[in-house]
Amino acid sequence: MASLYKKCPKCGADSAGLDICAACGLIFAKYLQTKFATPQTRPRRTMDAEDEDGFWTCAKQLVFYVPERTDSSFVYGRAILLAAIAFYGMRLALMDIPSWEMSASLIHLPMVPIHEFGHILFRPFGEFMTLLGGSLFQVLLPLIFGGVFLVKNRDPFAASVMLWWAAVAVMDVAPYIYDAWKPQHILLTGRTGDTGSHDFIDTLGDLGLLHKAQPIGRGVHVFGVIAMLTALAWGTWLVWQQHRKSKSSTT
C-alpha cells in the first residue's frame, strides 16, 4: 500500500516503503479509503418514508389551510352558508328512499342534465360505463370542482361545499339504485324500468347484484350521509379557525 506514495500526500515527507508516514503519522490505507470511498446511499425504505411524510404534510396543508387574515364579514357569510346547507342537507338525508322523495327537491333538477351528460361522456368506454357514467359523473363533477378550489385557489372551504354537493349527489343516486329491484318510478323516458331502460337494472344485472339492489341503495344513501357530515365538519372547522384569526387580527 505504501509503495503507491513516494512522498506523503499530507506533509510531503519521503514515505517510500512505509505504511505510515514517519513525519506526520498519516496511515496511507485509511487515507485511501477516505479519499476514494463512494458516498453512502440512503436506504430505500427511508427515502420512501420521507416521500410519504412529505405527501401527507402537503395534503394537510391544502386541506386545513387558513389564511393569516380574513375579513370578518367574509367569515360570517361563510357561516351563514354553512348553516343553510347543513339544514337543507339534513332535510334531504331524511327523505324517503323507496318513494324517491328527493326527485321532487330543488337540487335534483340541476343534477338531471349533469347525469345525462355523463352518459354521453362515458360512451367511448362501452355500454356498461355508458349506463353507469350518468350517476358517476353526477358525483364526480363537484369533486373535480373541489379539487380545483383546493389546489389552485387554496380555498378548502369552497372544497368542503363541493364535497357536500357530491354527497348530496350520492344520496340522489341511492333511490335510483333501490328502484332497480322492483321498478316503479317514471323515468325521463316516460316509462318505468319494467318497460324501458333503467341504468341500474342493467349494471347491477351485469354484476349479478340485481337482487341486492335495495340494500345497496340504502348503503349508498348511508355513505352519502356520512360524506355530507364529513363535509360539514370540515367546513365548520375552517370557519371557526378563520373566525379566530379574524378576531385576533382586529385586537
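Reply: Happy to. The secondary structure comes to eight helices and zero strands, where helices (H or I, at least four residues) and strands (E, at least two) are DSSP runs numbered from the N terminus. Along the sequence the pattern reads α-α-α-α-α-α-α-α. Please keep in mind that this is a predicted model: local features need pLDDT of at least 70, side-chain atom pairs count only at pLDDT 80 or more, and totals for chains, interfaces and linings use all residues. Residues are numbered from 1 along each chain as its sequence is written, and side-chain values use heavy atoms, with hydrogens and water left out.

Now to the rings. A pair of aromatic rings is described by the distance of the centres and the angle of the planes. The structure holds six aromatic pairs; rings of Phe, Tyr and Trp (its six-membered ring) pair if their centres lie within 6.5 Å, with planes under 30 degrees apart counted as stacked, over 60 as edge-to-face and the rest as tilted. One of the pairs joins F122 and F125, and this one is tilted, at 6.0 Å centre to centre and 50° between the planes.

F145 is partly exposed, with 36% relative accessibility, and it takes part in a nonpolar surface patch of about 460 Å² together with L136, L140, L143, I144 and V148. Such a patch is made of residues with over 30% relative accessible area and no salt bridge, nonpolar side chains (Val, Leu, Ile, Met, Phe, Trp, Tyr) being joined within 5 Å and like charges within 9 Å. A salt bridge here is a side-chain nitrogen of Lys or Arg within 4 Å of a carboxyl oxygen of Asp or Glu. V148 sits in helix α5 (residues 127-151) and is partly exposed at 41%.

Elsewhere, ring pairs link W100, Y176 and F200 into a cluster.

How values were computed. Accessible areas come from the Shrake-Rupley method with a 1.4 Å probe; for residues, only the protein chains shown count as cover. Buried means under 20% relative accessible area, exposed over 50%, partly exposed in between (1.4 Å probe, protein chains only).
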